[in-house]
Amino acid sequence: MSSAARPLVEARNLVKHFPLRGSGRLAVRSVDGVTLTIGRAEVLGLVGESGCGKSTLARLLINQIRPDRGEVIMDGRDLLAMRQGELRRFRRTVQLIFQNPLAALDPRMRLIDSLMAPLAAHDTGTREECLEMIHAMLGEVGIDPGLVERYPGQCSGGQLQRIVIARALLLRPQFVVCDEPTSSLDASIRAQILNLLNDLRRRFDLSLLMISHDLRALRHICDRVAVMYLGRIVEMAPVEEIFQSPRHPYTRALNAASLLDEIGLDAAGRLVQGEPPSPVHPPPGCHFHPRCPLADETCRRQVPALERIAENHEVSCHHWRTSTS
Amino acid sequence: MERFLLKRAIVLVVTLTLVSFLAFLVPWLGDTDPARAIIRSRVADLALDSAAVEALRIRLGLDQPLLHQFFAWLGRVFQGDLGLSFTSRLPVADQILRAIGVSATLALSALLLALAIALPVGTLAAVHQGRRFDGIVTFIAQGFVSIPEYWLAPVLVLLFAVELGWLPSAGWSGFETLILPAAVLCLRPLAYFSQVMRASMIDVLHANYILAARSRGLGLAGALVRHGLRNGIQPVLTVFALWLAGLLGGSVVVEVIFAIPGMGRLIYSAVINNDMPMLQGSIICIVGLAIIINTAADVLYGVLNPTVTVSGDAR
Amino acid sequence: MISPDETPCLKVENLDISIGDTIAVARGINLEIRRGETVALVGESGSGKTVTALSLIDLLPPPLRVTRGTVSICGQKITDATPDVLNRIRGNRVGMIFQQPSSMLDPSCRVGRQVGEALRLHKRASRGEAFERAIELLREVGIPEAGRRARSFAHQLSGGMAQRVMIAAALSGDPDLLIADEPTTALDVTVQAQILGLLERERKQRTLSILLITHDLSIVSAMADRVVVMYAGSIVEEGPVAAIMQAPQHPYTKALIDCSLMRKAGGGDLESIPGTIPSPAQSIPGCRFHPRCPHALARREGSVCASDEPTATRTAEGHLVHCWAAEP
Amino acid sequence: MTMVTRTVRWIMRQHWTFIAGLLSGTIVALLLITAPVMSLHDPVAQDLSMRLQGPGGDHWLGNDQLGRDLWARLLYGGRFSVVVAALTLVLSVTIGTLIGAWCGRVGGAIDEFVMRVVDVLISFPEIIVALFLIAIIGPGFGTLVLALTLVGWTPFARLARGIALDISARDYIVAAEVLGCTRTFILLRHVIPNALRPISAMTFLRFGHKLITVGALSYLGLGIQPPDSDWGAMLADARQFAVRQPLLVFAPGIAIMVTALSVTLMGQGLEIDADRSRRLRTGES
Amino acid sequence: MLTGSALWRLNDPFNFRDAITKNLEEGHAPMIIRRPVSGRVAILGAAGLLSLGLLQGPGQADGHLHLVATDAFPPQAGWAMETDDAYILARAGCVESLTRRTADGALEPALAESWTRHSPTEWDFTIRQGVTFSDGTPFDATVAAEALNRMLSATAPPRAFAPKRIASVSAVDDMTVRIESVNPSVLTPMRVSSPNTGFLAPAAFAGDAVDPVGHCIGPFDIVEHVPQQALMLKRHDAYWGGPAQLESGEMRFIPEGSGRATQLRTGEAHVSARLPVTEVLGLQSEADVVVQTVAQARTNSLYLNNQKAPLDNMAVRQAIQSAIDSAAIAQAIYEGSAQAAVGPFGPNDPWAPEDAMAVSQDVERARALIAESGVDAESLNLVLYAYVERAELPDLAAVIQAQLGAIGINVELKVANYGALEPDLLSGEFDMLVLSRGYLSDVADPIGFLTADYTCEGGYNLSRFCDPDIDAMVDQASSAESEAERYALYKDIARELQSRAVTVFLVHQQGSDGHRSNVANYAVHPDGHYLFTKDLALN
């Protein structure tokens with residue numbers, strides 16, 4: 001298989017449970033058997049509610065935490081088999097952008113030092129060369145170079161997020177995970193950052209994993225979207241299909257929630273009942289069945305497989321055929 | 001809950017066994033000869049008869065191998081027999097039990113007094129955070145922490161017993177004898193409690209549920225009483241337990257100065273007299289009590305704070 | 001439907017709020033809510049909407065304080081009222097729900113008691129009565145097994161449940177006005193619609209007035225009758241929801257709607273507003289929006305936008321715009 | 001000029017406890033260091049004819065029961081306690097911080113075990129540990145330092161562990177890891193600078209307690225050994241003359257108090273500052 | 001006739017237990033204050049602490065003839081009569097012995113009406129008629145013999161009445177007890193005056209532990225023993241000598257001397273025994289306090305290691321003797337409650353040389369002696385040991401350090417509790433030691449002291465002094481029947497020890513008790529045998 005055809009990131013059957021301290025065998029089933037791929041220069045959206053395991057999945061993909069089971073193949077190499085030194089070199093190629101940029105920067109370090117740190121860690125040339133690289137990157141993200149003499153507390157959220165993006169991109173990664181990069185930002189700033197990411201992604205040929213709970217934010221930037229519910233992927237399809245013809249009832253509920261103005265409260269409220277159950281005690285069968293308007297006995301007992309129902313469209317629902325109506 | 005208590009019980013037993021081994025080694029680590037020490041306590045003749053010393057050594061089993069002695073000793077300890085004091089040849093356990101009762105009374109009086117003052121003062125300081133009252137309270141608290149009790153106690157005796165004649169100068173026989181020592185002893189915990197209470201009440205004051213309660217029509221005082229105190233007092237209780245465990249043996253200076261027959265004084269005199277069985281017993285009792293009190297505090301914490309489930313692992 | 005001469009449920013006139021004496025976080029706020037009406041107060045963070053909400057029940061945390069203007073609730077003046085009067089109004093005439101429902105509940109007090117608290121305070125209910133009534137209220141706001149839930153603690157509730165409890169608590173005093181400060185922001189998106197639906201139902205049943213504070217314009221168009229848009233402490237535009245959403249007059253409102261609803265501009269990019277939101281400490285003469293405004297009349301120094309605060313222009317019935325470019 | 005006075009006033013208002021503590025602490029430290037210069041008399045020179053004399057002449061604070069100059073003894077006497085307290089603190093901070101930070105990073109059974117040990121030790125009064133050690137190895141400088149360190153490290157371990165746990169969970173540490181920064185870099189640039197202020201605040205806050213404990217042991221006759229003397233021992237000596245020459249009791253007591261208080265005030269200033277910056281960082285009000 | 005030489009504790013030659021630190025042991029003073037305190041108590045009353053029920057105070061007696069006395073040490077040995085606990089019982093007026101020593105040192109009948117020498121080793125004691133214990137048990141020869149034999153068979157019998165000296169005790173008839181000594185002895189009647197040989201009713205020994213409550217024979221009966229704190233006493237109405245003046249009393253144990261002084265000062269106690277020297281001056285100036293001082297058979301001395309260079313050189317020892325200003329020490333450290341020592345024995349002792357004089361300080365002579373001794377000045381580095389159990393000794397050592405420094409002897413101090421110093425002392429590793437030494441360690445005769453301290457084989461020969469001549473003199477004295485002969489020998493030995501500077505005798509100490517001025521008929525007993533007596537009264 002040529003490396004060009006092969007996806008950049010392949011995750012197979014990833015499982016990660018966090019044992020609850022002091023409660024015997026109970027565990028938070030954060031990621032419960034996830035398989036997905038991300039192609040080169042592809043943007044995959046990952047959507048789900050809080051606690052569904054999105055962030056854990058992201059951190060598994062960049063090997064920031066290790067899975068209980070399953071494997072992650074990056075650029076053809078098994079991430080989990082890497083040794084310390086190899087892993088550190090690998091770090092360059094994979095980066096993470098955080099939800100809250102203020103927390104992602106050491107409050108006691110000037111921004112320039114925070115930007116310098118990764119370059120220094122990877123021995124990227126002299127200080128002057130590094131400064132030059134930084135200034136070039138600041139230009140890319142639209143930050144005035146004078147700003148980096150400040151401390152994080154003295155800048156606005158939008159500016160800091162640009163800095164964090166610049167810091168991530170300085171190492172020229174191939175794959176960047178954006179963990180809700182805009183959810184802590186205001187609407188007017190959010191659009192700026194999304195535009196910036198979209199722009200950079202094209203210019204740097206990046207593969208992105210965009211995590212969000214807001215489908216609307218993903219529509220603009222993603223190629224494909226994966227919908228996650230309680231540790232499992234329930235639907236994965238090209239972005240327009242998710243919006244136009246969602247098959248999983250949960251996807252439709254998410255859709256409705258982000259388009260309240262178009263769908264109306266009553267209709268949105270009918271698509272889903274109750275609240276997400278605890279990932280410690282997920283319901284049997286289809287995790288979504290207690291909240292699903294279509295649920296029947298099968299759903300209660302049987303875990304639906306992730307079926308390929310069209311080119312690039314997978315869904316895990318017993319009733320995907322009926323749910324189109 | 002049962003799991004938690006069971007786990008703590010295991011911790012207690014394991015710790016006590018370890019500690020008792022250390023305690024058992026105490027006389028061997030020091031250079032005290034138990035047989036000599038016992039005889040000296042009975043016969044004030046300075047020239048000891050070495051034959052008598054040897055005979056006593058054999059009678060006490062001190063000629064046996066160390067480990068053999070340890071297990072024999074441990075067996076007795078677990079039956080509650082801590083041996084006889086070198087100096088008085090009376091059972092150590094009885095003396096410790098009596099002393100702990102006294103120390104507990106003293107410590108509880110001082111700590112409850114401190115608590116009674118610290119709760120309102122800390123709360124008021126929190127309400128007035130950053131203003132003059134708060135500054136004064138904090139300064140006084142730091143002052144209290146900086147007063148050595150071995151200085152304050154004699155000064156108070158000089159003032160209240162010798163000059164004014166209001167209170168007894170020393171002793172342990174009733175409420176009046178408790179006042180001065182408790183007052184001296186309460187200053188430092190008072191300072192700590194009020195500072196912890198202040199910090200915790202500042203958090204409470206900024207807590208959203210207070211805002212919510214006020215939005216329902218409760219006044220500030222009402223909201224603090226109904227929703228603030230219960231939450232604000234929890235960190236104070238942790239500190240309270242620490243102090244209680246600490247003061248059971250730690251009020252040495254005050255007990256010595258006021259001639260109070262408590263644990264601190266018992267340990268002090270044991271040290272002075274090289275009374276090894278008394279020291280061994282004291283170590284074991286103090287460690288055991290510290291664990292029990294901390295466990296009790298954790299349980300109480302769980303009762304007060306429903307978000308903490310007291311389970312096998314309490315943090 | 002609504003008679004114009006009725007005393008408004010809430011009337012705010014020329015309200016200024018400052019930090020200490022110097023930094024103004026809200027200025028010249030005018031607001032009026034009639035009985036049974038839902039008014040949405042919209043703005044980005046730092047626009048002063050939460051502060052305004054807290055000032056309505058006089059619970060501004062120091063050093064924030066009202067420096068000018070008056071607030072009246074159901075004809076009763078709030079500003080300068082005695083603490084007793086205020087306590088009688090809070091929870092009784094006005095209920096409030098907040099953004100982080102879980103932290104708004106006392107962690108060591110059973111939720112039933114907290115729900116019944118307003119009843120004990122304002123309706124002289126006994127402890128038992130209050131608790132019984134609290135269970136009823138919890139049932140009403142859609143909490144299953146209300147009797148058991150009333151005895152549970154805040155940490156045992158999910159976010160949505162906690163918000164329902166907060167709503168029950170806010171409604172227990174049977175208020176005329178409900179102030180809902182970002183009631184669904186902290187909740188899961190799929191729960192949002194349920195909570196908003198509940199509010200809507202309660203509004204209809206109780207002819208409640210709701211002041212809905214939010215930054216989410218999709219919620220606004222689903223819920224509100226009228227919209228008030230704030231930017232950097234000032235109201236920039238207000239009017240009926242349809243008019244605002246379809247034909248916003250203020251450049252900021254227009255840009256905000258475009259951003260929020262992720263409308264695309266030319267070149268595939270999303271619409272965005274250049275620059276950053278000014279902090280309250282920043283003093284900007286003239287229109288607060290003018291440095292970011294695409295239409296600012298001649299951005300030069302000395303222009304109207306840069307020197308004079310815009311006055312309100314009525315563009316249609318009930319539609320006011322604070323912009324020099326607006327035409328009546 | 002107004003600028004300067006305003007700045008000074010601002011600093012005074014923000015940090016007055018720290019500055020007050022620093023000032024008096026410096027004075028005490030200077031007095032102790034320059035004791036040979038500051039006192040006219042030899043602290044051990046006796047003059048039985050001057051027994052229990054009140055202040056006057058060139059004996060500024062009068063004389064003790066052997067006619068020794070009280071002021072000189074006060075200056076020299078402070079050295080022992082202060083040195084023991086400071087040395088113990090340095091050891092406690094070092095050991096406690098290392099153990100605590102290590103436990104916080106490693107976690108697991110080791111962490112569990114160490115924290116249980118800390119739980120037991122932390123409620124153990126230092127004075128009792130000191131008494132036990134004195135019983136075993138006899139009194140002396142080493143015993144004191146050992147005893148006070150044996151328990152003294154525990155609060156620092158707890159604090160350092162808490163900070164380590166807290167900091168490890170922060171996004172900027174995750175960021176540094178993801179960016180490929182080495183562990184040493186993370187420790188030196190992120191963990192230690194952020195831990196420094198709360199730990200140093202605690203160090204200062206514990207000083208008074210240590211000083212008083214050292215004094216207490218000397219008071220009980222188990223700390224400093226004659227013929228050397230410190231404030232605690234001076235108090236013990238003075239007690240029987242309290243009625244006849246109260247100054248003998250008051251002077252060492254006040255010396256301990258002032259020293260303890262000034263260092264505590266410094267610590268409190270640091271703590272307020274650490275707290276302030278923590279709130280600033282985490283965006284709390 | 002014996003002079004007023006006192007010993008507080010027969011079997012405590014150092015009188016350790018009177019010293020400050022050790023005394024802190026376990027004494028607790030129960031409080032009986034007759035002051036209006038209730039109002040101020042209310043301030044703290046809110047805590048409701050009494051309800052904890054943990055406070056166990058002694059019951060408060062309210063009789064107006066109730067006297068409170070403070071004493072140093074609580075009972076430590078479960079009332080075993082062979083221990084110091086017997087002294088507490090005697091001082092509380094609970095036990096009495098066959099004979100009694102009066103305050104001026106004479107022997108008078110107590111439970112024995114009279115005594116006669118039956119043979120050189122045998123003495124017969126006739127028991128007083130009609131004596132009963134407070135529980136009603138009559139006291140007769142059988143009871144007495146049983147008690148004394150119990151003493152002889154004790155694990156560690158008291159030295160005054162040990163099998164080493166006493167061969168047997170038997171009841172000859174109902175009212176006669178015969179005591180046989182190992183060697184011919186004139187001292188036997190003296191020996192049975194010791195509180196160790198006092199009597200408790202047989203019922204007191206019935207259980208595992210000795211229980212004196214309700215089993216007394218003296219003027220007072222024990223009502224309650226509050227452990228470590230106090231003995232509550234009431235009048236023994238059937239006392240053979242007639243009822244005591246006081247209705248009740250309390251013996252309160254406060255080990256710390258200044259604590260006892262404070263209680264006397266505040267009026268919390270009517271009588272405080274064994275006042276520390278530093279408190280005497282202050283208490284004397286109090287209006288309502290009377291301080292009684294009595295000479296003790298106790299000399300505080302500077303012991304020198306006579307076998308270790310340079311102290312093996314007599315000139316050096318004499319130089320040290322001359323360098324020390326014992327008069328100043330008596331005046332300053334002891335504030336007058338001691339006098340400069342004239343030798344091993346106090347000047348009023350019958351065995352003290354009549355011409356004995358204190359060595360006065362003479363620095364010139366000291367320097368000259370050093371010069372003539374030929375000792376290398378470099379070697380004049382000496383370590384001076386002092387123990388802390390007696391509060392004034394460290395100060396005393398500091399003064400000696402300074403005074404020896406003046407003649408060029410460099411002295412280093414080593415201060416610790418006695419137990420820590422002892423190994424060095426016994427093994428001869430020390431140079432000098434300040435020691436407070438009682439010289440009448442069992443009976444009113446210094447023979448025991450001289451044998452132990454200054455004979456070659458002496459059990460406590462810290463000085464490592466060995467002179468066959470002195471040994472011979474001690475031997476001769478021990479077998480001498482005549483008092484005059486014995487005393488003459490003692491005088492000679494004392495002169496020798498003083499002139500050869502074997503030991504530098506510093507001061508003769510005195511003992512002081514204090515009482516409120518409304519206390520009548522209080523007399524310090526020089527031997528510390530009695531405190532609560534029949535005649536003690538309160539006005």
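Reader: Which domains does the domain assignment of chain B give?

Author: This is a predicted model, in which local features need pLDDT of at least 70 and side-chain atom pairs count only at pLDDT 80 or more, while totals for chains, interfaces and linings use all residues. Residues are numbered from 1 along each chain as its sequence is written, chains are lettered from A and ligands numbered from 1 in the order in which they are written, and side-chain values use heavy atoms, with hydrogens and water left out. Domain bounds come from an automatic or database domain assignment. For chain B the assignment gives domain 1 (2-92) and domain 2 (101-304). Taken over C-alpha atoms, the centres of domain 1 of chain B and domain 2 of chain B are separated by 34 Å.

Reader: How many residues of domain 1 of chain B are in contact with domain 2 of chain B?

Author: Contact means heavy atoms within 4.5 Å. In chain B, 22 residues of domain 1 are in contact with 19 residues of domain 2. Buried area is the accessible area (1.4 Å probe) that two parts lose on being put together, summed over both. Domain 1 of chain B and domain 2 of chain B bury about 1800 Å² between them, and 78% of it is on carbon and sulfur atoms.

Reader: At what angle do helix 3 and helix 8 of chain D pack?

Author: Two packed helices are described by the angle between their axes and the distance between the axes. Helices (H or I, at least four residues) and strands (E, at least two) are DSSP runs, numbered from the N terminus. Axes are lines fitted to C-alpha atoms, for helices over the stretch in contact, and angles run from 0 to 180 degrees between N-to-C directions. Helix 3 (residues 70-106) and helix 8 (residues 183-219) of chain D pack at about 135°, with their axes 8 Å apart. Angles under 35 degrees count as roughly parallel, over 145 as roughly antiparallel, 65 to 115 as roughly perpendicular and the rest as oblique. Helix 3 of chain D and helix 8 of chain D are therefore oblique to each other. The residues of their contact divide into 11 nonpolar, six polar and two charged; Ala, Val, Leu, Ile, Met, Phe, Trp, Tyr, Cys and Pro count as nonpolar, Asp, Glu, Lys and Arg as charged, and the others, Gly among them, as polar.

Reader: What is the angle between helix 3 and helix 6 of chain C?

Author: Helix 3 (residues 111-122) and helix 6 (residues 159-172) of chain C pack at about 20°, with their axes 7 Å apart. That makes helix 3 of chain C roughly parallel to helix 6 of chain C. The residues of this contact divide into seven nonpolar, two polar and no charged.

Reader: Which residues of helix 6 of chain A meet helix 10 of chain C?

Author: Ala187(A), Ser188(A), Arg190(A) and Ala191(A) in helix 6 of chain A meet Leu256(C), Cys259(C) and Ser260(C) in helix 10 of chain C. By class, four nonpolar, two polar and one charged residues make up this contact.

Reader: How far apart are the closest C-alpha atoms of chain A and chain E?

Author: They lie 37 Å apart, and no contact joins chain A and chain E. Nor does any contact join chain C and chain E, whose closest C-alpha atoms lie 27 Å apart.

Reader: What is the phi of Asn13(A)?

Author: Most residues other than glycine have a negative phi, and most peptide bonds are trans. Asn13(A), although not a glycine, has a positive phi of about 50°, and its place is in strand 1 (residues 9-19) of chain A.

Reader: Is the peptide bond from Ala309(E) to Pro310(E) cis or trans?

Author: That bond is cis, with omega near 0°. Pro310(E) has its place in the loop between strand 12 (289-304) and helix 8 (314-323) of chain E.
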